[in-house]
Amino acid sequence: INAVANSGNPLDDNGHGSHVSGTIGGVGNNAKGVTGVCWNVKLMACKFLNSGGSGATSDAIECVNYALAHGAQIISNSWGGGGDDPALRTAVAAARDQGVLFVVAAGNDGWNTDFEPDVPGSYAYSNLVSVAATDQNDLMASFSNRGRLSVDLGAPGAGILSSYNSSNSAYATLSGTSMATPHVSGALALLKAQFPAENHMQILNRLYKSVDPLPS
């Protein structure tokens, strides 16, 4: 879906969506490009950000509802901002009620979201995973939001090479919690494939029990 143009053509004219998709599902062991986390995943492209990287929350909600209506099991959300919205809360709750995992970037403002919430990452729903960014030293990236209560885990998000849709290159190196989020989405896709009968709480419990606790 392309909620910007109200069409069925979600062509990525910004590059951001292609980048996170490569991290989730870039096929490995083929001497091409980059390796994603889950090589056999099925990706559903849902576009609500324009070529400049901005968009309306109402269009984001339309994309979430579209994904739920068309069988998505994990929704990877490398976006945030715009303030609290009851309709967005309703969409996340609907995903929870369908057992769909909702993975969200924690944000790139470098602040504590326990005190300065970032939407939708700061929402407290059992299916929502808020992801901070770590760097090559396994430390919290300086730009990443954090929060003991509002952020669930960290994943690589600094200097990430992945696929990119531009006239100049098919690959690019980007940084942000947007880059960390698809690492978690890909890991959850692997867990869902391995344990298809488990509900979202059981899958998330497996994820959280597998992380390395770090002081940062």
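This is a predicted model: local features need pLDDT of at least 70, side-chain atom pairs count only at pLDDT 80 or more; totals for chains, interfaces and linings use all residues.
**Exercise 1.** Find which elements give two or more residues to the largest nonpolar core.

*Solution.* Start with the core itself: it has 24 residues, and those with the most contacts inside it are Ile-75, Phe-102, Tyr-123 and Leu-128. Next, look for the contributing elements, which are helix H2 (57-69), helix H3 (86-97) and strand S2 (101-105). H2 gives the most, with 6 residues. Now zoom in on Leu-128: leaving aside neighbours within four places in sequence, its contacts include Val-92, Phe-102, Tyr-123 and Tyr-208. Finally, note a second, separate core of 15 residues, with Leu-153, Ala-180, Ile-203 and Leu-207 among them.

**Exercise 2.** Work out why helix H1 (residues 16-25) is described as largely enclosed by the rest of the structure.

*Solution.* Take the buried cut-off first, under 20% relative accessible area. In H1, Ser-18, His-19, Val-20, Gly-22, Thr-23, Ile-24 and Gly-25 are buried. That is 7 of the 10 residues, so the helix is largely enclosed. Then ask what the buried residues of H1 pack against: strand S1 (74-77), strand S5 (160-163), strand S6 (171-174) and helix H4 (177-194).

**Exercise 3.** Describe how strand S3 (residues 128-134) is covered and how S3 pairs with S2 and strand S4.

*Solution.* Check burial first: 7 of the 7 residues of S3 are buried. Leu-128, Ser-130, Ala-132 and Thr-134 point one way, while Val-129, Val-131 and Ala-133 point the other way. Now turn to the partners. S2 and S3 run parallel and are joined by 4 bridges, with Val-103 partnered by Val-129. S3 and S4 (residues 153-156) also pair in the parallel sense, over 4 bridges, and here Thr-134 is partnered by Pro-156.

Definitions and conventions
Residues are numbered from 1 along each chain as its sequence is written. Side-chain values use heavy atoms; hydrogens and water are left out. A nonpolar core is a set of buried Ala, Val, Leu, Ile, Met, Phe, Trp, Tyr and Cys residues joined through side-chain atoms within 4.5 Å. Buried means under 20% relative accessible area, exposed over 50%, partly exposed in between (1.4 Å probe, protein chains only). Contact means heavy atoms within 4.5 Å. Two strands pair if DSSP finds at least two bridges between them.
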